[in-house]
Amino acid sequence: MRTRLVRTLALLALAPLAACTDAAPEPPLAPEVQLAKVGGNARATGGGQYVLTLGDDDLQGTFSFNAKDKPNGTTDGRLRYTIDFFGQEIDFRGDVTCLTVDAENGRAWIGGVITANTSEAEPFASGEIYQPGKDIWFRVLDDGEGGGAVDRTTFVGFEGGGGIITSQEYCEAAIWPDGNARTWPVTGNIQVR
């Protein structure tokens with residue numbers, strides 16, 4: 001009974017986190033930061049593992065993505081985010097539809113459309129906003145190469161998170177809270193160009 005209660009409480013804590021990866025809209029980036037929008041030469045790729053801390057628990061996840069602006073003004077790529085939620089997997093795959101890059105600071109905002117949801121944990125398994133055809137997004141940090149560099153990722157966000165409805169809106173807003181709030185270090189590599 002206690003284990004079930006702990007899992008239920010953890011799920012209640014994770015659901016808002018997932019829906020609100022960037023919970024409170026922050027002011028846009030300072031005007032001096034140059035963002036590459038769709039139609040430029042922006043590119044972001046990455047993959048590896050991350051550990052999402054939820055209270056006293058560490059949840060293990062994996063991710064992979066590639067996103068590239070095309071000359072015709074669209075963005076192409078794929079994404080996959082998983083996390084082991086107390087023995088139940090949360091697993092999303094999607095097509096990338098937008099990308100915004102702040103190459104100077106190694107930041108990228110990536111959005112797309114869910115193509116597959118094989119999640120076991122509720123509400124991710126059956127909730128309406130988590131189903132194929134719905135928007136999904138995340139942001140990453142490329143901290144460079146070599147010793148001491150720590151790339152970072154968020155978990156994925158969904159329709160309504162932080163007041164954002166679509167992936168395109170997420171990419172255009174390019175919200176980055178102070179420091180690296182709501183991001184987790186990764187074991188792997190992220191490249192933002």
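Reply: Let's take Thr62, which sits in strand 2, residues 57-69 (helices are DSSP runs of H or I with at least four residues, strands are runs of E with at least two, both numbered from the N terminus). Before going on: this is a predicted model, where local features need pLDDT of at least 70 and side-chain atom pairs count only at pLDDT 80 or more, while totals for chains, interfaces and linings use all residues. Numbering starts from 1 along each chain as its sequence is written, and side-chain values use heavy atoms, with hydrogens and water left out.

Thr62 has a relative accessibility of 35%, so it counts as partly exposed (buried is under 20% relative accessible area, exposed is over 50%, partly exposed is in between, with a 1.4 Å probe and protein chains only). Setting aside the neighbours within four places in sequence, Thr62 touches Gly48, Gln49 and Tyr50, plus Arg80, Tyr81 and Thr82 (contact means heavy atoms within 4.5 Å). With Thr82 there is also a side-chain to side-chain polar contact at 2.5 Å (a pair of N or O atoms within 3.5 Å; within protein, one must be able to donate a hydrogen and the other to accept it, and residues adjacent in sequence count only if both atoms are side-chain atoms).

Staying in strand 2, Asp69 is another one to check. Asp69 is buried but has no salt bridge, and its nearest side chain of opposite charge is Arg43, 9.4 Å away (Lys and Arg count as positive, Asp and Glu as negative, and His and the chain ends are not counted; a salt bridge is a side-chain nitrogen of Lys or Arg within 4 Å of a carboxyl oxygen of Asp or Glu). What Asp69 does have is a polar contact, side chain to side chain, with Thr75 at 2.9 Å.

Now the aromatics. Tyr50 and Tyr81, both contacts of Thr62, turn up again in a cluster that ring pairs build together with Phe63, Phe65 and Phe138. The pairing rule takes rings of Phe, Tyr and Trp (its six-membered ring) with centres within 6.5 Å; planes under 30 degrees apart are stacked, over 60 edge-to-face, and the rest tilted. That rule gives 16 aromatic pairs. In one of them, Phe63 and Phe65 have ring centres 6.2 Å apart and planes at 20°, so they're stacked. Phe63 is buried at 4% relative accessibility, and Phe65 is buried at 5%. Trp109 and Trp176 pair edge-to-face instead, at 5.7 Å centre to centre and 90° between planes. That pair ties together distant parts of the chain, 67 residues apart: Trp109 belongs to strand 5 (residues 107-117), Trp176 to the loop between helix 2 and strand 9 (184-192). Trp109 is buried at 0%, and Trp176 is buried at 7%.

Back to charges. The whole structure has five salt bridges. Arg78 takes part in one with Asp76 (3.6 Å, N to O) and in another with Asp95, where the closest N and O atoms are 3.4 Å apart. The Arg78 and Asp95 link reaches from strand 3 (residues 75-85) to strand 4, 17 residues along. Asp76 is partly exposed at 38%, Arg78 is partly exposed at 45%, and Asp95 is partly exposed at 31%. Lys134 and Glu159 make a further bridge at 3.8 Å, N to O.

There's one disulfide in the structure (cysteine sulfurs within 2.5 Å): Cys98 to Cys171, S to S 2.2 Å. Its S-S torsion is about 70°, so the disulfide is right-handed. The bond spans 73 residues, from Cys98 in strand 4 (residues 88-102) to Cys171 in helix 2 (residues 167-173), and both cysteines are buried.

Zooming all the way out, the chain has two helices and nine strands, running α-β-β-β-β-β-β-β-β-α-β from the N terminus. Of its 193 residues, 45% count as buried. Among contacts between residues at least 6 apart in sequence, 62% join residues at least 24 apart.
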